[in-house]
Amino acid sequence: MVLQDPESQVDKTVPDAWDYKGRPAARSTTGGWTSAAMILGVEACERLATLGIAVNMVTYLTGTMHIGNANAANDVTNFMGTSFMLCLLGGFLADTFLGRYLTIAIFTAIQALK
């Protein structure tokens, strides 16, 4: 019978990560290119949605709300800048105080109430 060194077992798991059953996540089956491709795909869709909203928002503000082009463009860039800066605030709160899942739950509830 071969005894494994406890340090070699630690190298096979991802620190501070668990699977859906609460066990330490195995490095050999966690992450990788499949996860990276999914993250990149979601980020690409999010960027396309944000830019699509921005273009339509300028059209809405100039056509329906009768705001001038310069003011409408300024409002849209302020909106986009605020939304990107709030991501940094959410990341800070998640990393420092709340944890990622609780932060996502809180901000999702706030967004659903709007």
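H66 is placed in the loop between α2 and α3, where helices (H or I, at least four residues) are DSSP runs numbered from the N terminus. The model is predicted, so that local features are considered only at pLDDT of at least 70 and side-chain atom pairs only at pLDDT 80 or more, whereas totals for chains, interfaces and linings use all residues. Residues are numbered from 1 along each chain as its sequence is written, and side-chain values use heavy atoms, with hydrogens and water left out. The phi of H66 is near 55°, a positive value in a residue other than glycine. Most residues other than glycine have a negative phi. With a relative accessibility of 68%, H66 counts as exposed, the classes being buried under 20% relative accessible area, exposed over 50% and partly exposed in between, for a 1.4 Å probe and protein chains only.

Helix α2 comprises residues 33–63 and helix α3 residues 69–98, and the two pack at an angle of about 150° with their axes 9 Å apart; axes are lines fitted to C-alpha atoms, for helices over the stretch in contact, and angles run from 0 to 180 degrees between N-to-C directions. α2 and α3 are therefore roughly antiparallel to each other, given that angles under 35 degrees count as roughly parallel, over 145 as roughly antiparallel, 65 to 115 as roughly perpendicular and the rest as oblique. The crossing in which α2 passes α3 is right-handed, that is, the near helix is turned clockwise from the far one by less than a right angle.

On the α2 side, R47, T50, L51, I53, A54, M57, V58, L61 and T62 meet N69, A72, D75, V76, F79, M80 and F84 of α3, contact being defined as heavy atoms within 4.5 Å. By class, this contact of α2 with α3 has eleven nonpolar, three polar and two charged residues; Ala, Val, Leu, Ile, Met, Phe, Trp, Tyr, Cys and Pro count as nonpolar, Asp, Glu, Lys and Arg as charged, and the others, Gly among them, as polar. T50, A54 and L61 are buried in α2, and the buried residues of α2 pack against α3. T50 itself has a relative accessibility of 14% and therefore counts as buried, and T50 touches M80 and F84 when residues up to four places away in sequence are not counted.

In α3, the buried residues are A72, V76, M80, G90 and A94, and what covers them includes α2 and α4 (100–113). The 30 residues of α3 should span 44 Å at 1.5 Å a residue, and its end C-alpha atoms are 41 Å apart, which agrees; the expected span is 1.5 Å times one less than the number of residues. Just after α3, G99 takes a positive phi of about 90°.

The axes of α3 and α4 come within 8 Å and cross at roughly 130°, which makes α3 oblique to α4, and α3 passes α4 in a right-handed crossing. In this contact, G90, L93, A94 and L98 of α3 meet R100, L102, T103, I106 and F107 of α4, and the residues divide into six nonpolar, two polar and one charged. T103, which lies in α4, counts as buried at 5% relative accessibility. Leaving aside neighbours within four places in sequence, T103 is in contact with G90, L93, A94 and L98.
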